[in-house]
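Please look through the sequence and the coordinates before reading on.

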Amino acid sequence: MTLMRILPKTLKNLVSSFRKLSSVGQKTAERYAFELFEWSTQETEFLAEAVRAVKNKLTRCDACSCIKEAGASCPFCDPVTRNEEILCIVSHIKDPFLIEESRAFKGLYHVLPNLFSPFEEKDIASENIQRLLGRLEKLPVKEVILALDTTLEGDATALYFQNLLRPRGVKVTRLAYGIPIGSNIHYFDSQTLHQALSGRQVLT
Ligand SMILES: [Zn+2]
């Protein structure tokens, strides 16, 4: 039974917002809303500011599309600390952080948020593809790793990049299997990702 019908409007608004988070059901959302009322003013203001800052203080890097603090340089594009001969294409903004945690990769990243789908009219944003190609022209990239989901969308995207990048003389590799088919890579721990990166294979 949901309490929504009888909750004060302010709590209802909170519950509705929490419900949008993945894995948060109605009862959990209601519990969170009541818990917040018990927090101190300072704690709730800190939370409110942290939520606001997600939109005000975070941005995407113009080059790789990874998340970074607005106004700061992108740590994933730093020519001093990163190996510019290898670039990893990921489809989720969280993935670079997971791959970093695996400590198996020190190269560059490129986030392409929309995967090409074999079933829908959903194409990778061509502007982002042009940006990727522009980076490959300027940087000494010798290998592109496709760290894509092992789903039909991921497979279709891998084939797309294989055909796009191979004629440009770039070695194209994909994360080794060992990650279950039909899963999203951002659910795996750093050890699993480490193994997948270490065992990557050249696409034939
Ligand atoms: Zn960057």
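Two strands are taken to pair if DSSP finds at least two bridges between them. The model described here is predicted, and on that criterion strand β5, residues 143-147, pairs with strand β6, residues 171-174, in the parallel sense over four bridges. From β5 the chain crosses through helix α6, residues 152-165, to β6, and this β-α-β crossover is right-handed.

**Strand pairing around β6**

- Within the pairing of β5 and β6, Glu143 stands opposite Lys171 in β6.
- Strand β6 also pairs with strand β7, which spans residues 201-202, and here the sense is antiparallel, with two bridges.
- In the pairing of β6 with β7, Thr173 is the residue that stands opposite Val202 in β7.

**The zinc site**

- The zinc ion has as its protein donors the SG atoms of Cys61, Cys64, Cys74 and Cys77, which lie 2.3 to 2.4 Å from the ion.
- Along the sequence, these donor residues follow the spacing C-x2-C-x9-C-x2-C.
- The arrangement around the zinc ion is tetrahedral because the four donor atoms subtend angles of 106 to 115°, and four donors count as tetrahedral if all angles lie between 85 and 135 degrees.
- For reference, the ideal angle for four tetrahedral donors at a metal is 109.5 degrees.
- Cys61 has a relative accessible area of 8% and is therefore buried, and Cys64, with a relative accessible area of 0%, is likewise buried, the cut-off for this class being under 20%.

**Glu84 in strand β3**

- Glu84 is placed in strand β3, which covers residues 83-90, and with a relative accessible area of 21% Glu84 is partly exposed.
- Leaving aside residues up to four places away in sequence, Glu84 touches Pro79, Leu108, Leu139, Pro140 and Val141.
- Between Glu84 and Leu133 the separation is 49 residues in sequence, while their C-alpha atoms are 14 Å apart in space.

**Asn128 in helix α5**

- Asn128 sits in helix α5, which runs over residues 126-138, and the relative accessible area of Asn128 is 6%, so this residue is buried.
- A polar atom of the Asn128 side chain lies 3.2 Å from the backbone oxygen of Val111.

Definitions and conventions
Residues numbered from 1 in each chain as written. Predicted model: local features only at pLDDT ≥ 70, side-chain atom pairs only at ≥ 80, totals over all residues. Heavy atoms only, no water. Buried < 20%, exposed > 50% of the residue type's maximum accessible area, 1.4 Å probe, protein only. Contact = heavy atoms within 4.5 Å. Donors = N, O, S within 2.8 Å, 3.2 Å for Na, K, Ca; no water. Tetrahedral: all angles 85-135°; square planar, octahedral: opposite > 155°, others 65-115°. Right-handed = clockwise from strand over helix to strand, strands pointing away. Polar contact = N/O pair within 3.5 Å; in protein donor to acceptor, adjacent residues only side chain to side chain.
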